[in-house]
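Good morning, and thank you for the time on today's agenda. Please have the sequence and the coordinates open while I speak.

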Amino acid sequence: FADKVTIEIKDGITAIVGPNGSGKSNIVDAIKWVLGEQSLKDIRGNNSSDFIFNGSKSRSPLTRAWVSLTFDNSDHYLKSDLAEIEIKRVVYSTGENEYYINNERVRLKDITELLTDSGTAKESFNIVSQGKIDEILSNKPEDRRTIFEEAAGVLKYKRRKEEALRKLEKTNQNLNR
């Protein structure tokens, strides 16, 4: 969207409804994107500059696009001492991406770790776009397993194990050299 849009999501189920072309999918894609989605195909883009407003007859083009999500963390549901957490992603026309937590530049990995096991990660089944229900039901068992691991709260530990094994393999390769 060329202008700032604020959507307040309350407890319970939030649904976005509207006529075709009103931007429903853009909102879902923006949420997935700020949470770290790397597959541009999954958010209907070919390259990162597709997300930057190109301008119109009455408005100049922009040089960046950004999305920020602010979480009320007063119950410390997310593993942080902060009562409010803002996650922001910025993409520049150069293609460079930046990630922020409370306006402090971080790595995508930091955002992923913060959100893992919270039910709000980009692959979480809490964000279901149109057509995804059939995909979830028809997925291969190993793909469905990721959904259940996220819901059960063990995905974070599985990822840490995989990362440790990758580092160990790299170390073994260095030793062999």
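Predicted model: local features only at pLDDT ≥ 70, side-chain atom pairs only at ≥ 80, totals over all residues.

Four strands make up an open sheet, ordered β1-β2-β3-β4, with antiparallel pairing. The edge positions belong to β1 and β4, the latter spanning 104–106; each has a single partner strand, so one side of each lacks a neighbour in the sheet. From one strand to the next, the twist averages 25 degrees.

As for the individual pairings, nine bridges connect β1 and β2 in the antiparallel sense. Within that pairing, R64 has Y92 of β2 as its bridge partner. β2 and β3 also run antiparallel and are joined by five bridges. There, V91 is found opposite N97 of β3.

Now to the helices on this sheet. α1 packs on the sheet and touches β1, β2 and β3, its direction making about 80 degrees with that of β1. α2 likewise packs on the sheet, touching β2, β3 and β4, and its direction makes about 45 degrees with that of β3. The buried residues of α1 are I27, V28, D29, K32, W33 and V34. Just after α1 comes G36, which adopts a positive phi of about 115 degrees.

How do the side chains along β1 alternate? A65, V67, L69 and F71 point to one face and are buried.

As a general remark, nonpolar side chains tend to be buried together in soluble globular proteins.

Which residues does I87 touch, leaving aside those up to four places away in sequence? They are V34, V67, S68, L69, F71, Y100, I111, L114 and L115.

I turn next to the charged side chains. The count of salt bridges comes to five. E96, E98 and R105 are linked in a network of them.

Are E96 and E98 buried, or partly exposed? E96 is partly exposed because its relative accessibility is 38%, whereas E98 counts as buried because its relative accessible area is 9%.

Another salt bridge joins D110 and R107, whose closest N and O atoms are 2.8 Å apart. D110 has 23% relative accessibility and therefore counts as partly exposed. R107, with a relative accessible area of 48%, is partly exposed; the cut-off for exposed is over 50%.

Finally, a word on the loop between β1 and β2, where D75 lies. At 58% relative accessibility, D75 is classed as exposed, the cut-off again being over 50%. The side chain of D75 reaches the backbone nitrogen of Y77 at a distance of 3.1 Å.

Thank you for your attention.

Definitions and conventions:
Residues numbered from 1 in each chain as written. Heavy atoms only, no water. Contact = heavy atoms within 4.5 Å. Helix = DSSP H or I, 4+ residues; strand = E, 2+ residues; numbered from the N terminus. Buried < 20%, exposed > 50% of the residue type's maximum accessible area, 1.4 Å probe, protein only. Polar contact = N/O pair within 3.5 Å; in protein donor to acceptor, adjacent residues only side chain to side chain. Salt bridge = Lys/Arg side-chain N within 4 Å of Asp/Glu carboxyl O. Pairing = 2+ DSSP bridges. Axes fitted to C-alpha atoms, helices over the stretch in contact; angles between N-to-C directions.
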